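In these notebook entries I record what I looked up about the ligand and the spaces inside one structure.

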Amino acid sequence: MQTDYFKSKKIVISAGPTYEKLDPVRFIGNYSTGKMGYALASELANLGAEVHLVSGPTALTIQHPNITVYHVESALEMYEICVREFKDAHIAIMSAAVADYRPQHYNDVKIKKNEEVLTINLVKNPDILATLGQQKTSAQLLIGFALETHNELENATNKLHRKNADAIVLNSLNDAGAGFKHSTNKISIILKKGRIFEFPLKDKTAVAKDIVTCISENFN
Ligand code: CTP
């Protein structure tokens, strides 16, 4: 790996889940722990990058002179900061598990269980990766993630093109130990130019090293 490739580069990383509020005590969320994004942040900061970590609610903490952390809760908050920070960034890596939908209405007071069947309308959240894909210049690099359960390669490749990313890190829910509840992950990296790299199951810290090495070797 070219160890100075990331030195002083501004890198935006999204990590963790988003919480979409229903009322003062409830939200819609997911099982993401944020480990993958935090491992990437730490790896890149150690290589001299200026990391901007936009994190949904997680139990993780991170402290490094090269890392600025933005704590957000909802997809809309994550969207706002990612779009703002991407403008003068070199690279963005979108590893967050962003909720695709949010409740249409927020209840100021706790929803009481008066109904036998409760219907909650959900509206689509903006797609952060796709927005950055629309805004990116030829000098910027955009890496997305894909979590798939079937037709993994085909779906992930479609996602790569649809969202105008330069590469997609695919993890399949069919691989034991992979995905967001685990501290290990099994990934493939699909490059826009068509090459595919496959990696065995590893600890997320080692996976972060593989991703970082793959970026530095294929995009300089
Ligand atoms: N993503 C995002 N903003 C969203 C939804 C997803 O930035 N509102 C990003 C994720 O961070 C990830 C990539 O898009 O880098 C793929 O996310 P995934 O949930 O696998 O795909 P979706 O676009 O939600 O497609 P689908 O759920 O239909 O597979």
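**Entry: the ligand shell.** I looked up the residues around the ligand and found 14, of which Met-94, Ala-96, Phe-145, Lys-159 and Lys-163 come nearest. A residue counts as near when one of its heavy atoms lies within 4 Å of the molecule. I note that this is a predicted model, in which local features need pLDDT of at least 70 and side-chain atom pairs count only at pLDDT 80 or more, while totals for chains, interfaces and linings use all residues. Residues are numbered from 1 along each chain as its sequence is written, and side-chain values use heavy atoms, with hydrogens and water left out.

Entry: A polar side-chain atom of Lys-163 lies 2.5 Å from a ligand oxygen. A polar backbone atom of Leu-129 is 2.8 Å from an oxygen atom of the ligand. For Ile-128, I found a backbone N or O atom 3.0 Å from a nitrogen atom of the ligand. Taken alone, the ligand exposes 570 Å², and the protein buries 76% of that; these areas come from the Shrake-Rupley method with a 1.4 Å probe.

**Entry: the make-up of the shell.** Which elements give two or more residues to the shell? They are α3 (128-135) and β9 (141-148). Helices (H or I, at least four residues) and strands (E, at least two) are DSSP runs, numbered from the N terminus. The largest share, four residues, comes from β9. By class I recorded nine nonpolar, one polar and four charged residues in the shell. Here Ala, Val, Leu, Ile, Met, Phe, Trp, Tyr, Cys and Pro count as nonpolar, Asp, Glu, Lys and Arg as charged, and the others, Gly among them, as polar.

**Entry: the largest pocket.** The ligand takes up the space of the largest pocket, meaning that more than half of its atoms lie within 2 Å of the pocket's grid points. On a 1 Å grid over the protein atoms alone, a pocket is an open set of points with protein on both sides within 12 Å along at least five of seven lines, a cavity is a set where a 1.4 Å probe fits but cannot get out, and lining residues have an atom within 4 Å of a point. The pocket volume is about 880 Å³, a volume being the space filled by probe spheres set on the points. I counted 37 lining residues, with Ala-96, Ala-97, Val-98, Phe-145 and Leu-147 nearest the centre. The lining divides into 16 nonpolar, 13 polar and eight charged residues.

Entry: The largest cavity has a volume of about 30 Å³. Among its lining residues are Ile-143, Ala-167 and Cys-214. α5 (204-218) is one of the elements that give two or more residues to this lining, and α5 gives the most, with three.

Methods
Polar contact = N/O pair within 3.5 Å; in protein donor to acceptor, adjacent residues only side chain to side chain.
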